[in-house]
Amino acid sequence: MDHYGLWGIIPPLLTIILAFATKDVIVSLFLGILSGALIISGGNPAMALMNLTDLLAESLADGWNIRIFLFCALLGGMVGMLTKTGAARAFGHWASAKLKSGTSSQLMTFIFGVIIFIDDYFNSMSVGTVMRPICDKTGVSRAKLSYILDSTAAPVCIIAPISSWVVTVMSIVRDAQGFEKMGMTEFEFFIKAIPYNLYAILALLMVLAVIFLKRDFGPMKQSELRARNGMLCNEEKYGPAAGSVEEETSSKAKPIDMLFPIIVLIITAVLFFPVVTWLNAVDGENITSFGQAVTSMSLGTAFNDTDSSVALWYAVIFTITATYIYYLARGLLKLKEAGEALRNGIESMIPALIILTMAWSIGTIIKSPRADGGLGLGLYLSHVVSDGGFPIQILPAILFILSAVISFATGTSWGTFGIMIPIAMPIVTGLADGIGLTHAALVNASMISVAAVIGGAVFGDHASPISDTTILSSTGASCPHLEHVATQMPYAIFVAICAFIGFVAGGITLNAAVAWIAALAVFVTGQLLLPKIWKVEV
């Protein structure tokens with residue numbers, strides 16, 4: 001057996017319960033990982049602790065993880081420097097004169113989030129850094145800011161054709177059994193499946209509805225009401241916020257001093273995305289020079305096939321260097337002050353970095369198959385569907401729920417893609433062959449089924465308290481992590497319910513228009529009723 005059955009649900013369930021009960025995410029994650037290690041070790045505590053220690057070390061030994069870890073640390077250092085100069089305050093004063101309302105600052109955050117679709121980590125941290133002082137000035141709660149950051153991270157990345165997310169999905173779809181029956185390329189399949197991606201698009205519509213209709217409900221409304229009274233976040237209830245450092249005021253600082261490191265980071269990241277691909281293409285045999293690598297592929301291919309962790313790591317190193325020199329040249333910092341500011345900024349990121357490392361670790365122990373030292377929860381849940389003989393009409397809805405559970409429990413959408421798409425594609429094509437669907441109906445059934453997997457996976461990445469994107473969104477907004485999770489959860493679940501109804505209707509009719517009519521009907525009804533039903537007290 002390649003999994004531990006329902007035992008695999010214990011670590012994520014225990015972690016989530018303890019996090020809300022104790023308000024201590026780090027301890028909760030540690031105990032969640034320990035519970036998984038105890039199951040795998042047969043209840044031997046000594047062996048479990050040794051396995052846990054190895055798991056934490058292996059999480060940071062992974063090339064992708066350590067580069068993202070260091071990227072976040074140095075991004076905190078960059079924020080420390082620009083805060084020490086007073087540039088953040090100067091930019092906040094300037095922007096608040098232009099963006100004088102909470103609506104305008106929230107809308108600008110949304111626009112920035114949609115524009116910066118390259119990578120979800122980059123989105124959450126860079127947009128949060130720019131918009132945090134502006135939202136503070138206009139009375140927007142840190143919870144609302146982190147919600148907008150999170151809702152324009154994964155949901156945008158999964159529908160932007162040139163993001164690293166989409167390339168990953170296309171590569172998995174291409175290799176899935178049954179895809180050859182589609183009669184199209186994986187890129188064409190992805191583009192045509194976008195209208196079925198109900199959750200991601202509804203998540204973006206939800207943000208716009210929240211911004212313009214101002215119909216907040218649940219914990220988010222509490223946070224917004226507190227922000228109007230000057231309490232931007234509730235550290236007393238939810239614990240300390242990560243990513244914030246003491247702000248200085250400098251008469252020399254100008255708004256451009258705030259924008260300079262952000263602009264440099266964006267430019268260098270965009271440049272390094274294709275450059276990393278070209279560098280990796282130089283193998284010394286078929287391609288012997290960088291110039292030859294550039295001419296061997298299109299810019300779009302180079303951009304899509306990159307290792308975003310390497311590109312972001314290079315970009316932040318160049319940005320830190322340029323910012324350090326720039327602030328010294330401008331006279332905003334002295335040599336010693338610059339070093340202290342860099343160190344203080346990195347220190348402010350330590351809680352988030354610890355959480356991030358533990359989130360990777362618990363994700364690994366939950367999703368890895370038994371043969372690789374994990375619990376194999378995803379494999380167990382996927383077998384429930386494949387062995388259950390579900391009718392093809394309800395398959396998209398079932399796939400959506402199952403993918404949402406896996407992604408929420410593991411905190412990873414990419415892992416869910418890798419588990420569920422190779423299972424969904426042969427199931428839907430097999431069921432379609434069994435009932436004699438036409439080729440057009442087979443394609444529609446496959447598109448809505450894969451879109452259901454993607455939607456469920458994005459929900460987990462969006463809502464799970466152990467998702468790295470959720471963690472980075474709360475960090476980018478300098479919002480207590482549990483406050484971000486508690487305030488965002490009702491919105492994400494509401495959108496998931498709307499998407500689920502859409503997948504039920506779409507699965508029955510194999511029609512995107514019908515799916516959207518059903519989903520939007522629930523969406524509009526919820527917008528009208530939830531703020532009235534869900535009363536809150538400050």
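Student: Why is phenylalanine 290 called partly exposed?

Tutor: In this predicted model, phenylalanine 290 has 36% relative accessibility. Buried means under 20% and exposed means over 50%, so 36% falls in between and phenylalanine 290 counts as partly exposed.

Student: And what makes tryptophan 278 buried?

Tutor: Its relative accessible area is 12%. The cut-off for buried is under 20%, so tryptophan 278 is buried.

Student: How do you know that threonine 323 counts as buried?

Tutor: Threonine 323, found in helix α18 (residues 308-330), has 0% relative accessibility, which is under 20%, so the label is buried. Leaving aside neighbours within four places in sequence, threonine 323 is in contact with Met81, Phe260 and Pro261.

Student: Now the rings. How many aromatic pairs are there?

Tutor: The count comes to 12 aromatic pairs. One of them joins tyrosine 147 and tyrosine 491.

Student: Why is the pair of tyrosine 147 and tyrosine 491 called edge-to-face?

Tutor: The centres are 5.2 Å apart, and a pair needs them within 6.5 Å. Tyrosine 147 lies in helix α8 and tyrosine 491 in helix α26, so the pair ties together parts 344 residues apart in sequence. Tyrosine 147 is buried at 2%, and tyrosine 491 is buried at 1%.

Student: What makes tryptophan 278 and phenylalanine 290 an edge-to-face pair?

Tutor: Their ring centres are 5.9 Å apart, within 6.5 Å, and their planes are at 85 degrees, over 60, so this pair is edge-to-face.

Definitions and conventions
Residues are numbered from 1 along each chain as its sequence is written. This is a predicted model: local features need pLDDT of at least 70, side-chain atom pairs count only at pLDDT 80 or more; totals for chains, interfaces and linings use all residues. Side-chain values use heavy atoms; hydrogens and water are left out. Helices (H or I, at least four residues) and strands (E, at least two) are DSSP runs, numbered from the N terminus. Buried means under 20% relative accessible area, exposed over 50%, partly exposed in between (1.4 Å probe, protein chains only). Contact means heavy atoms within 4.5 Å. Rings of Phe, Tyr and Trp (its six-membered ring) pair if their centres lie within 6.5 Å; planes under 30 degrees apart count as stacked, over 60 as edge-to-face and the rest as tilted.
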